Amino acid sequence: MYKRIRDLREDKDLTQQEMANMLHTTQTTYSRYERGDLDIPTAVLIKLARFHKVSIDYLLNETDHPQRYDS
């Protein structure tokens with residue numbers, strides 16, 4: 001999961017700080033999410049899925065198909 005959220009961020013040419021700002025957290029916390037040092041809260045997973053327009057299953061590596069989020 002952690003590599004996947006990093007890859008999605010990098011695909012959009014965003015910094016960790018920009019993602020942290022969008023999630024209303026610190027860059028350090030976001031960095032810890034990407035490294036897998038900190039479990040990602042459900043509310044943050046939902047925000048990430050909506051932002052990247054992918055399913056939560058995709059973020060959690062339950063599928064290799066992003067299945068765009070349409071809501």
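Tutor: Axes are lines fitted to C-alpha atoms, for helices over the stretch in contact, and angles run from 0 to 180 degrees between N-to-C directions. Helices are DSSP runs (H or I, at least four residues), numbered from the N terminus. This is a predicted model, in which local features need pLDDT of at least 70 and side-chain atom pairs count only at pLDDT 80 or more, while totals for chains, interfaces and linings use all residues. Residues are numbered from 1 along each chain, and side-chain values use heavy atoms, without hydrogens and water.

Student: What makes α1 oblique to α3?
Tutor: Helix α1 (residues 2-11) and helix α3 (residues 27-35) pack at about 125°, with axes 6 Å apart. Angles under 35 degrees count as roughly parallel, over 145 as roughly antiparallel, 65 to 115 as roughly perpendicular and the rest as oblique. Therefore α1 is oblique to α3.

Student: Why is α2 called roughly perpendicular to α3?
Tutor: The axes of helix α2 (residues 16-23) and α3 cross at roughly 105° and come within 8 Å. The angle therefore makes α2 roughly perpendicular to α3.

Student: What makes Q27 count as partly exposed?
Tutor: Buried means under 20% relative accessible area and exposed over 50%, with partly exposed in between (1.4 Å probe, protein chains only). Q27 has 28% relative accessibility, so Q27 counts as partly exposed.

Student: Which residues does Q27 touch, not counting those up to four places away in sequence?
Tutor: With contact meaning heavy atoms within 4.5 Å, Q27 touches Q16, Q17 and A20.

Definitions and conventions:
Helix = DSSP H or I, 4+ residues; strand = E, 2+ residues; numbered from the N terminus.
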